[in-house]
Amino acid sequence: MVSARPDLVLLHGIVMSGAVWREVVPLLEPHHRVHAPTALGHRGGPAVRRRPARLADVVDDAERHLDELGLERPHLAGNSMGGWVALELAARGRAASVCALSPAGLWQGDAAAHSGAVRKLRRLVWLARVSRPVAPPFLRLPPVRRLVLRDVAERGDRLAAADAVRTALDTAGCAIAADLLGSDEALTARAPGCPVTVAWSEHDAILPVERFGPIVRERLPEATFRILPSVGHVPMIDDPNLVAATVLDSTRTG
């Protein structure tokens with residue numbers, strides 16, 4: 001029997017995994033058949049076949065995954081790298097709608113913005129790797145979670161300790177972090193061919209909305225643009241209810 005609920009694919013950010021959507025998925029499932037895969041070269045995802053890996057490889061693998069699931073044009077929602085992947089897939093005709101949460105890749109011609117984001121992400125990876133042996137007991141402490149996650153969340157302390165440990169392990173275990181962070185790629189999609197919502201986190205410390213909001217309006221003039229209040233770069237950590245509502249608003253347009 002074919003489900004009456006349309007398919008929705010959730011795409012995570014760099015060094016994360018599909019588990020980052022854990023609190024959002026139950027809020028979406030009454031409305032959609034939800035898929036939250038882990039990307040190529042990320043902890044728990046498909047192994048990378050060539051090095052250095054590039055974002056284009058991640059997009060190709062995501063498209064293969066859609067083919068394996070038999071999904072021609074599902075709704076897509078993605079955060080950071082996942083938003084970038086969603087927009088590239090849409091340009092290939094593989095999306096009914098896109099909800100891009102602080103999408104990466106919009107830094108073409110802005111070397112300072114690119115290098116600033118890369119520097120912070122490299123610091124996250126370094127910290128996750130050097131602290132891996134001692135992370136679990138320390139991440140039981142809410143102030144430590146808030147401090148460690150400060151670049152990606154306003155309220156990292158609201159994340160359960162087990163989820164914080166999993167996030168740290170995902171970050172440390174991403175096999176292609178150095179490849180992607182060393183890449184010179186930028187967003188190539190200019191005509192997604194479906195309704196697009198771009199929702200930027202108000203307190204995004206990785207990709208500040210003040211810098212990227214004007215670029216979105218220039219590069220994707222037909223997209224609906226909105227700011228998500230009181231959340232950081234990975235808004236699923238701070239406010240899963242807000243993220244779910246934003247995604248559902250987007251899928252209704254498709």
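**View 1. A nonpolar surface patch is formed by Val 134, Phe 138 and Leu 141.** Together these residues present about 270 Å² of accessible area, computed by the Shrake-Rupley method with a 1.4 Å probe, with only the protein chains shown counted as cover for residues. Patches consist of residues with over 30% relative accessible area and no salt bridge; nonpolar side chains (Val, Leu, Ile, Met, Phe, Trp, Tyr) are joined within 5 Å and like charges within 9 Å. A salt bridge is a side-chain nitrogen of Lys or Arg within 4 Å of a carboxyl oxygen of Asp or Glu. The model is predicted: local features need pLDDT of at least 70 and side-chain atom pairs count only at pLDDT 80 or more, whereas totals for chains, interfaces and linings use all residues. Residues are numbered from 1 along each chain as its sequence is written, and side-chain values use heavy atoms, with hydrogens and water left out. Val 134 is located in the loop between H4 and helix H5 (135-138); helices (H or I, at least four residues) and strands (E, at least two) are DSSP runs numbered from the N terminus. Val 134 counts as partly exposed because its relative accessibility is 43% (buried, under 20% relative accessible area; exposed, over 50%; partly exposed, in between; 1.4 Å probe, protein chains only).

**View 2. Trp 84 and Trp 107 form an edge-to-face aromatic pair.** The ring centres are 5.7 Å apart, with 90 degrees between the planes. Trp 84 belongs to helix H3 (residues 81-91) and Trp 107 to the loop between strand E4 (97-101) and H4, so the pair ties together parts 23 residues apart in sequence. Both Trp 84 and Trp 107 are buried. Rings of Phe, Tyr and Trp (its six-membered ring) pair if their centres lie within 6.5 Å; planes under 30 degrees apart are stacked, over 60 edge-to-face and the rest tilted.

**View 3. Trp 200 and Phe 212 form a stacked aromatic pair.** Their centres are separated by 5.7 Å, and the planes by 5 degrees. Trp 200 in strand E5 and Phe 212 in helix H9 are twelve residues apart, and both are buried. The buried residues of H9 pack against helix H4 (111-130), strand E5 (196-201) and strand E6 (224-228) (contact, heavy atoms within 4.5 Å).

**View 4. Strand E1 (residues 7-11) is covered on both faces.** Asp 7, Val 9 and Leu 11 on one side, and Leu 8 and Leu 10 on the other, are all buried. E1 pairs in the parallel sense with strand E2 (residues 33-35) over three bridges and with strand E3 (residues 75-79) over four; pairing requires at least two DSSP bridges. Leu 8 stands opposite Val 34 in E2, and its bridge partner in E3 is His 75.
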